[in-house]
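Trainee: I've never looked at this one before. Could you walk me through it, one question at a time?

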Amino acid sequence: MNKRTCCLLLLFAWAGRLSAQSPDVYPAHWWSGMNMNRIQLLLHDKGHDLSQLSPVIAYPGIRVSRTYRFTNPSYLAIDIVIAPGARPGTVPIVLKGRNRASVSIPWQLKERRAGRGKQFAQGLTQADFIYLAIADRFANGDPSNDRIPGMREQTLNRDSMYHRHGGDLQGITQHLDYLESLGVTALWLLPVLENDRPARSEHGYAITNHFKVDPRLGGAQAYRELSDALHRRGMKLVMDAVYNHTGLQHHLELDPPDSSWMHRWPRYTQTTYREQTLFDPYAAPSDTRRMSEGWFDDGMPDINHHNPHMAAYLIQSMIWQIEEFGVDGVRIDTYTYSDLDFANRCNAAILAEYPRIHLFGETRVFGTANQAYFNRNIFNTRFKSNLPGSVDFQLLYYGIKPALTEPTGWMEGVNRLYNTLANDFLNRDATRNVLLLDNHDESRFLSVVGEDWEKLKIGYMWLLTCRGIPQAYYGSELGMKGFASPDGLVRADMPGGWPGDAANAFTGAGLDARQQEVQNLVKRLGTYRKKASALKSGKLMQYVPAGDVYTYFRYDEKQTVMCILNTGSSAKEVPFSRFPERTSGFKQAVDVLSGSKYPTIGSVTVPPMRMLVLELQ
């Protein structure tokens with residue numbers, strides 16, 4: 001057998017294999033009429049040589065503009081241009097070999113999802129109330145997907161915080177009535193994409209396929225059904241995106257096109273977690289590099305955003321998820337650790353496609369200026385962020401926490417909350433920040449405030465009346481407890497999500513009086529704010545704290561809401577006359593929760609460690 005015959009036989013064998021199982025194509029489909037009409041298809045066929053093949057597309061309105069080959073011949077990248085008038089249909093991608101043998105890969109060009117900006121990609125505003133949940137820990141709606149054969153992790157043990165528990169997207173869909181009863185208007189889930197790692201896959205942040213919903217959560221169909229169910233109720237879906245890293249088991253890490261798609265170091269090098277190195281005028285370049293290019297975790301390879309192919313893959317995956325599943329807002333994980341120029345480009349691409357969508361980053365930093373640096377801000381610096389908003393850790397760390405846990409001083413206690421809000425001028429629009437009491441990485445708020453249930457209630461009253469977009473964490477409205485470490489209880493199961501649970505958040509069975517009090521408070525105030533224009537879109541005015549008493553107002557032309565917080569150990573008389581700009585012209589104040597009425601010509605008594613939310617009439 002001569003060399004030419006051998007090569008032909010190998011090529012025919014490859015073509016026969018390909019006809020039975022085509023290479024993976026990322027993205028697996030796209031849409032006609034997209035603003036992003038120049039995309040890069042990445043083909044991957046592990047163990048098989050694609051490098052000698054040339055792609056040809058004979059489909060009206062689509063043309064190949066460039067082909068890329070890599071050190072690893074199992075990959076091929078194709079730049080295609082989709083004309084504005086291209087019609088949806090099956091697009092044959094023909095891979096031709098030198099001997100004219102060819103293989104056709106069917107690729108879909110779909111019709112766009114209807115209702116952009118109105119039925120999806122609607123964005124988030126202060127009128128919204130976000131509920132954050134972990135799908136694996138909220139409710140098990142379909143036990144048949146608890147374990148999926150062939151996936152690396154097969155744990156199923158609710159007694160361990162570090163094993164899978166079986167919750168899924170179906171379980172969440174089944175309990176949307178509960179979320180609606182709380183006044184929730186938007187659902188944010190930790191990442192739902194495939195996390196096919198051998199352990200600790202429940203949190204979702206080690207993504208192994210950017211174009212596949214994890215089948216243990218119900219897969220793509222369950223995610224679409226959840227999205228549709230939310231939108232039918234007038235609610236919204238928030239996606240948790242990860243710009244910074246993938247999981248070790250991602251195909252771009254296990255079988256990379258070349259060594260430049262992830263950041264490589266001679267030995268494992270972790271990020272410094274020091275965001276200051278990105279704006280410090282005195283920062284050492286090596287520190288800056290390690291901050292952005294060091295790995296966040298040894299199981300999460302750090303993405304090299306300077307690789308144009310990796311950047312295209314990631315940006316396209318973000319837009320693909322929004323269009324495919326009808327996403328309304330995007331929370332961006334570990335935002336400060338990504339290359340910030342890339343983050344700006346990715347944000348810009350998303351906003352160009354979906355102008356009304358809201359993007360907010362996990363800027364878990366320490367200092368109001370530090371946080372504002374990563375938002376649209378007033379700074380005259382080399383780097384200018386285009387990120388609309390952040391998760392507002394500053395008002396958590398330096399606001400509501402010290403207000404309820406420190407004695408009042410010149411810059412302590414409730415004065416820290418006042419001062420932190422005063423620094424909003426650093427942002428272009430701080431109302432686009434997302435407020436929180438706790439989340440999947442923070443200790444439960446009840447534990448933070450020493451298991452004082454009155455302080456927990458104050459926390460929710462502040463959360464639902466302060467400026468910004470409020471976000472509650474699942475189960476904290478029931479007084480779930482736990483510290484972020486070492487027990488991991490901050491990610492415990494939602495009571496009632498599994499058959500046989502002793503308590504049930506959704507029906508109220510087994511809840512004690514204190515749990516019911518907090519849950520009912522959230523329901524009443526969450527429902528109230530849906531119709532409260534002052535809370536949905538009004539301005540904020542705060543007054544300098546008088547001792548332990550801090551007062552602020554939310555107001556517009558139609559409504560004024562007065563919020564009084566007494567963090568002291570004794571009752572305080574608060575005269576309405578101290579706030580002439582906001583109380584003048586009103587006759588009475590009505591307690592939003594109790595219905596009690598107070599004439600505004602006098603004063604109101606606020607008990608120790610209590611908060612009042614009053615509507616002026």
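Trainee: Where helix 8 passes helix 9, is the crossing left-handed or right-handed?
Mentor: First, this is a predicted model: local features need pLDDT of at least 70, side-chain atom pairs count only at pLDDT 80 or more, and totals for chains, interfaces and linings use all residues. Residues are numbered from 1 along each chain as its sequence is written, and side-chain values use heavy atoms, leaving out hydrogens and water. Helices (DSSP runs of H or I, at least four residues) and strands (E, at least two) are numbered from the N terminus. A crossing counts as left-handed if the near helix is turned anticlockwise from the far one by less than a right angle, and as right-handed if clockwise; for helix 8 passing helix 9, the crossing is right-handed.

Trainee: At what angle do the axes of helix 8 and helix 9 cross?
Mentor: Axes are lines fitted to C-alpha atoms, for helices over the stretch in contact, and angles run from 0 to 180 degrees between N-to-C directions. The axes of helix 8 and helix 9 (residues 340-353) come within 10 Å and cross at roughly 35 degrees.

Trainee: What is the strand order in the open sheet of 4 strands, and which strands are its edges?
Mentor: Two strands pair if DSSP finds at least two bridges between them. With antiparallel pairing, this sheet has the order 1-3-6-5. Pairing on one side only are the edge strands, strand 1 (24-26) and strand 5 (62-69).

Trainee: Which residue in strand 6 is the bridge partner of I39?
Mentor: Strand 3 (residues 38-44) and strand 6 (residues 75-82) run antiparallel, joined by 7 bridges. In strand 6, the bridge partner of I39 is I80.

Trainee: And which residue stands opposite V81 of strand 6?
Mentor: Look to strand 5, which 7 bridges join to strand 6 in the antiparallel sense. A hairpin through 5 residues also links strand 5 to strand 6. Opposite V81 stands R63.

Trainee: Which strands stand at the edges of the open sheet of 8 strands?
Mentor: That sheet has parallel pairing and the order 16-15-14-13-10-9-18-17. Each edge strand has a single partner strand, so one side of each is left without a neighbour in the sheet; these are strand 16 (389-390) and strand 17 (434-436).

Trainee: Which residue of strand 16 does G361 stand opposite?
Mentor: Strand 15 (residues 358-361) pairs with strand 16 in the parallel sense over 2 bridges. In strand 16, the residue opposite G361 is S390.

Trainee: Which element gives the largest share of the lining of the largest cavity?
Mentor: On a 1 Å grid over the protein atoms alone, a cavity is a set of points where a 1.4 Å probe fits but cannot get out, a pocket is an open set with protein on both sides within 12 Å along at least five of seven lines, and lining residues have an atom within 4 Å of a point. The largest cavity is lined by 15 residues, with P191, V192, M239, D240 and Q321 nearest its centre. Two or more of the lining residues come from each of helix 8 and strand 13 (236-242). The largest share, 5 residues, comes from strand 13.

Trainee: What is the volume of the largest pocket?
Mentor: Grid points are joined across faces, edges and corners, and a volume is the space filled by probe spheres set on the points. Of the 22 lining residues, F296, D297, R364, D441 and R491 lie nearest the centre of the largest pocket, and the lining divides into 6 nonpolar, 6 polar and 10 charged. The volume of the largest pocket is about 610 Å³.

Trainee: Which residue does a cis peptide bond join to Y26?
Mentor: Check the loop between strand 1 and strand 2 (29-31), which holds P27. Omega is about -5 degrees for the bond, and the residue joined to Y26 is P27.

Definitions and conventions: Nonpolar A, V, L, I, M, F, W, Y, C, P; charged D, E, K, R; others polar.
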